[in-house]
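Hello,

Here is the structure you asked about. Please open it next to this email; my notes follow below.

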Amino acid sequence: MKVKINRHAVKVLNQMLAKAEEGEMIRVYITENHGNHAHYDLKLDQKTEHDEVVQSDKDIPILLDTRDADFLDGVWIQYFHVPQPGFTIYNPAKEHHHH
């Protein structure tokens, strides 16, 4: 599986990891699945038996649940400062729309 991260997200993810407890990593997970696309979020979490640790293009390891590989493989983690600071996570291989 693959994960891409923009340069602004790298800084924020590294700040999160600096506060992580031992063994915790960044997990990208699905909050809603609408059949042809999904909504994503991220959090600090421990690796479980269903996880794959994916080395992102920016050398930050990301936890992905292999049971959701169809939607998680190829996910992009982006961080933007405007219009308000926050992450945008999507998979360009799946239909994408904003709420």
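Which residue in S3 is the bridge partner of Asn33? It is Ala38.

First, the ground rules. This is a predicted model, where local features need pLDDT of at least 70, side-chain atom pairs count only at pLDDT 80 or more, and totals for chains, interfaces and linings use all residues. Residues are numbered from 1 along each chain as its sequence is written, and side-chain values use heavy atoms, with hydrogens and water left out.

Helices (H or I, at least four residues) and strands (E, at least two) are DSSP runs, numbered from the N terminus. Two strands pair if DSSP finds at least two bridges between them.

Now the S2 pairings. Strand S2 (residues 24-33) runs antiparallel to strand S3 (residues 38-46), with nine bridges. Four residues lie between the strands of this hairpin, and Gly35 has a positive phi near 90° there. S2 also pairs with strand S5 (residues 61-65), in parallel, over two bridges. Ile26 has Ile62 in S5 as its bridge partner.

Next, the open sheet. Three strands make it up, in the order S1-S6-S7, with mixed pairing. S1 (3-5) and S7 (86-90) are at the edges with a single partner strand each, so one side of each has no neighbour in the sheet. Neighbouring strands are turned by 15° against each other on average, direction ignored. S1 and S6 (residues 75-80) run parallel, joined by three bridges. Val3 is opposite Val75 in S6.

Helix H1 (residues 7-18) packs on this sheet and touches S1, S6 and S7. Contact means heavy atoms within 4.5 Å. The direction of H1 makes about 90° with that of S6. Axes are lines fitted to C-alpha atoms, for helices over the stretch in contact, and angles run from 0 to 180 degrees between N-to-C directions.

Best wishes
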